[in-house]
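Subject: Structure handover

Hello,

Here is the structure for your files.

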Amino acid sequence: MVDVYCYLPSSEVNDVVECGLKLSRWFDREVRIEGETRKCISTLLNPRDDMEKYKSTQYKCIKLEVHPQYCYAADRCLYLLGLDNSQIMELYMSTITPIGKYVFGSYRLPECLITSTVISEQMSVLNKRLDSPILFDSSEELYINNIIESYKEEHRNFNDTLLYYFYCSLAAAGKLDRIDDTGRQVAVFLEKERGKAYTIKIPDKDTLL
């Protein structure tokens, strides 16, 4: 079974937990799956991926245990962007994959599309303190960390490169002073208020390709 999470208005929770989450009523998405258009209930792999509802008293988080054959992973971030861009919506459709093939950290904001009704025996109200622990704080954090780690493996000076362009943006905004020593390929970024200096290697652009 796959553990996923959805947020429902607090006033609806008791009825749903008692009667089930009916696909015909609660579907919020129609997408192409394996060549046909299907109704789906969109859920989250991590309840903290929607912190606004996670903290809200107007919603409650429901934990669902669903058989994998009814679950498909997709990138919700692309879906939201695709609402205003048909090309991005096509990219979203291409991310839809059986949940068993999804690798955690692959999508910035992963969702699980459920293609069936979920009966009451498969759901419970999430207890944020006593329920089973979530393995990572947020999907976005995992996604970004995975990208950074993959580039660190490919590029020996990736951390310097990352910091160099970050500090350059701060210097351009007037928040740091910047001194370049092009002979030694080093830049010094000075935080004047604290008198703190950051010495960073200037990246060789040719090695980034």
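Rings of Phe, Tyr and Trp (its six-membered ring) count as a pair if their centres lie within 6.5 Å; planes under 30 degrees apart are stacked, over 60 edge-to-face, and the rest tilted. By that criterion, the structure holds nine aromatic pairs. One of them is Tyr 164 with Tyr 165, edge-to-face at 5.1 Å centre to centre and 80° between the planes. Tyr 164 counts as buried because its relative accessibility is 7% (buried is under 20% relative accessible area, exposed over 50%, partly exposed in between; 1.4 Å probe, protein chains only). Tyr 165, at 38%, therefore counts as partly exposed.

The ring centres of Tyr 167 and Phe 189 are 5.4 Å apart with planes at 35°, so this pair is tilted. Because Tyr 167 lies in helix H7 and Phe 189 in strand S10, the pair ties together parts 22 residues apart in sequence. Helices (H or I, at least four residues) and strands (E, at least two) are DSSP runs, numbered from the N terminus. Both Tyr 167 and Phe 189 are buried. One aromatic cluster is formed by Tyr 164, Tyr 165, Phe 166, Tyr 167, Phe 189 and Tyr 198.

H7 covers residues 158–172. Its buried residues include Phe 158, Thr 161, Cys 168 and Ala 171. Gly 174, which follows H7, has a positive phi near 80°.

On provenance: this is a predicted model, where local features need pLDDT of at least 70, side-chain atom pairs count only at pLDDT 80 or more, and totals for chains, interfaces and linings use all residues. Residues are numbered from 1 along each chain as its sequence is written, and side-chain values use heavy atoms, leaving out hydrogens and water.

Regards

Notes: The expected span of a helix is 1.5 Å times one less than its number of residues.
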